[in-house]
Amino acid sequence: LIQKKSNQKQFLDLVHMVVKTVIPSILQSITYSTCSFAFPHGLAFSEEENFIYVADTNNHSVRCLDLQKQQCTTLVGFDRKRGTLAETLEKALIAEPRGITVNSNGQIIVSTCSAIHLVDIENNYVTVLAGKETYGFKDGKLEEALFDHPDGVLCINNIIFVADAY
């Protein structure tokens with residue numbers, strides 16, 4: 001968890017049942033020296049790959065922390081430009097990613113400021129599952145639905161649950 005104002009990093013140690021604060025960086029002890037984020041909101045863990053995926057909100061990107069190799073990689077949002085564009089991983093645009101989860105196929109689901117995206121690393125593609133660049137509240141078919149800052153996503157048995165903030 002990142003504290004925006006103080007730039008302190010906190011994490012929950014579930015083995016010892018405590019919350020720890022690390023200054024200046026929780027990643028410092030793992031030697032990710034070139035890794036930096038701009039107001040990250042969401043984290044997801046892939047146990048199979050031993051990766052932590054990060055919704056790097058103000059960089060408009062999805063990042064991957066490889067815990068075994070101790071590397072940080074940008075998966076989507078290389079240019080740090082805001083937008084909603086379904087495209088290859090290198091060219092896709094996402095706007096303010098917030099929530100992030102992994103489905104049973106290893107694909108990443110990301111909620112952005114007004115849409116839900118599927119990041120398919122294996123097939124090198126990002127697609128918009130639901131929502132548009134337009135904010136709103138509208139139930140219906142995936143291509144017609146509207147969201148207004150869906151901050152949280154969770155995937156259970158390939159059913160995606162969305163927490164729309166506003």
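Is phenylalanine 161 buried, partly exposed or exposed? Phenylalanine 161 counts as partly exposed, at 45% relative accessibility. Buried means under 20% relative accessible area, exposed means over 50%, and partly exposed lies in between (1.4 Å probe, protein chains only).

## Basis

This is a predicted model, in which local features need pLDDT of at least 70 and side-chain atom pairs count only at pLDDT 80 or more, while totals for chains, interfaces and linings use all residues. Residues are numbered from 1 along each chain as its sequence is written, and side-chain values use heavy atoms, with hydrogens and water left out.

## Nonpolar surface patch

Phenylalanine 161 sits in strand β12. Strands (E, at least two residues) and helices (H or I, at least four) are DSSP runs, numbered from the N terminus. Leu154, Ile156, Ile159 and Phe161 make up a nonpolar patch on the surface. Together they have about 370 Å² of accessible area. Strands β11 and β12 (159-164) each contribute at least two residues to it.

Patch members have over 30% relative accessible area and no salt bridge. Nonpolar side chains (Val, Leu, Ile, Met, Phe, Trp, Tyr) are joined within 5 Å, like charges within 9 Å. Accessible areas come from the Shrake-Rupley method with a 1.4 Å probe; for residues, only the protein chains shown count as cover.

## Salt bridges

The count comes to 3 salt bridges. The rule asks for a side-chain nitrogen of Lys or Arg within 4 Å of a carboxyl oxygen of Asp or Glu. Arginine 63 pairs with aspartate 56, N to O, at 2.8 Å. Both ends are buried: arginine 63 has a relative accessible area of 6%, and aspartate 56 has 0%.

Glu96, Arg98 and Asp151 are linked in a network of salt bridges. Arginine 98 meets glutamate 96 at 3.0 Å, N to O. Aspartate 151 also bridges to arginine 98, with the closest N and O atoms 3.3 Å apart. This pair links distant parts of the chain, 53 residues apart. Aspartate 151 belongs to strand β11 (residues 150-156), while arginine 98 is in the loop between β6 and β7 (99-102). Aspartate 151 is partly exposed, at 31% relative accessibility.

Strands β5 (residues 61-66) and β6 (residues 71-76) run antiparallel, joined by 5 bridges. Two strands pair if DSSP finds at least two bridges between them. Leucine 65 has cysteine 72 in β6 as its bridge partner. The hairpin has 4 residues between the strands. Glutamine 70 takes a positive phi there, near 55 degrees.

## Histidine 117

Histidine 117 is part of strand β9 (residues 115-120). Its relative accessible area is 0%, so histidine 117 is buried. The side chain of histidine 117 makes a polar contact of 3.4 Å with that of threonine 112. A polar contact is a pair of N or O atoms within 3.5 Å; within protein, one must be able to donate a hydrogen and the other to accept it, and residues adjacent in sequence count only if both atoms are side-chain atoms.

## Cysteines

How many disulfides does a search of the whole structure find? The search finds 0 disulfides. The test is a pair of cysteine sulfur atoms within 2.5 Å. Cysteine 113 is buried at 4% relative accessibility. Cysteine 155 is buried too, at 14%.
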